[in-house]
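Student: Let's go through this model by question and answer. Keep it brisk, please.

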Amino acid sequence: MSTILVADDDRDILDLVAFKLSAAGHELITVTDGATALTEARRAVPDLVVLDVAMPGMSGLDVCRELRAEPVTSAIPVLLLTARGQESDVEAGFDVGADDYVVKPFSPRELQSRVTAMLSRARA
């Protein structure tokens, strides 16, 4: 199906998201920090990126901003997956170019549905 890059420094969340999305037939690239996420996105140019906002070193917001600034990665759909659910946090996520924003704790089924919808829109 599609290649999805997932970046989260919480191994349990990373494993859960990877399990759910791989069970849906997607190929996964998993990383645990923002700098590696950016490197892998540039290298592999995945079909979709799922980013935790609060990661060591480089935040998901910073990664999203960098992806949007580069022609090769600017059109990759980005979903932010984070515990930060304040209105200002959501606004900051969309301001840097995120396509969707999911607050932890989250439903894995809902996440899968959002990913499917984002991939469908990207192909249209």
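Student: At what angle does α5 run to β5?
Tutor: This is a predicted model: local features need pLDDT of at least 70, side-chain atom pairs count only at pLDDT 80 or more, and totals for chains, interfaces and linings use all residues. Residues are numbered from 1 along each chain as its sequence is written, and side-chain values use heavy atoms, leaving out hydrogens and water. Helices (H or I, at least four residues) and strands (E, at least two) are DSSP runs, numbered from the N terminus. α5 lies across β1, β3, β4 and β5, and its angle to β5 is about 175 degrees.

Student: In what order do the five strands of the sheet lie?
Tutor: The sheet is open, and its pairing is parallel. Two strands pair if DSSP finds at least two bridges between them. The order is β2-β1-β3-β4-β5.

Student: Which strands stand at the edges?
Tutor: An edge strand here has a single partner, so one side is left without a neighbour in the sheet. From one strand to the next, the twist averages 20 degrees. The edge strands are β2 (27-31) and β5.

Student: What is the bridge partner of Ala-7 in β3?
Tutor: β1 (residues 3-7) and β3 run parallel, joined by four bridges. The partner of Ala-7 is Leu-51.

Student: Which strands does helix α1 touch?
Tutor: α1 (residues 11-23) packs on the sheet, at about 170 degrees to the direction of β2. Angles run from 0 to 180 degrees between N-to-C directions, and axes are lines fitted to C-alpha atoms, for helices over the stretch in contact. Contact means heavy atoms within 4.5 Å. The strands touched are β1, β2 and β4 (78-82).

Student: Are α1 and α5 parallel or oblique to each other?
Tutor: Their axes are 10 Å apart, and the packing angle is about 55 degrees. Under 35 degrees counts as roughly parallel, over 145 as roughly antiparallel, 65 to 115 as roughly perpendicular and the rest as oblique. The two helices are therefore oblique.

Student: Which residues of α5 make the contact with α1?
Tutor: α1 contributes Leu-16, Val-17, Lys-20 and Leu-21. By class, the contact has six nonpolar, one polar and two charged residues. Ala, Val, Leu, Ile, Met, Phe, Trp, Tyr, Cys and Pro count as nonpolar, Asp, Glu, Lys and Arg as charged, and the others, Gly among them, as polar. On the α5 side are Pro-108, Arg-109, Leu-111, Gln-112 and Val-115.

Student: How are α2 and α3 placed, parallel or perpendicular?
Tutor: The axes of α2 and α3 (residues 60-69) come within 9 Å and cross at roughly 25 degrees. That makes the pair roughly parallel.

Student: Which residues of α3 meet α2?
Tutor: From α2 come Gly-34, Ala-37, Leu-38, Ala-41 and Arg-42. This contact has five nonpolar, one polar and two charged residues. The α3 residues are Val-63, Glu-66 and Leu-67.

Student: Is Val-45 exposed or partly exposed?
Tutor: Val-45 is in the loop between α2 (34-44) and β3 (48-52). Its phi is positive, about 45 degrees, although it is not a glycine. Relative accessible area under 20% means buried and over 50% exposed, with partly exposed in between (1.4 Å probe, protein chains only). At 34% relative accessibility, Val-45 counts as partly exposed.

Student: Which residue does a cis peptide bond join to Lys-104?
Tutor: Omega of this bond is about -5 degrees.
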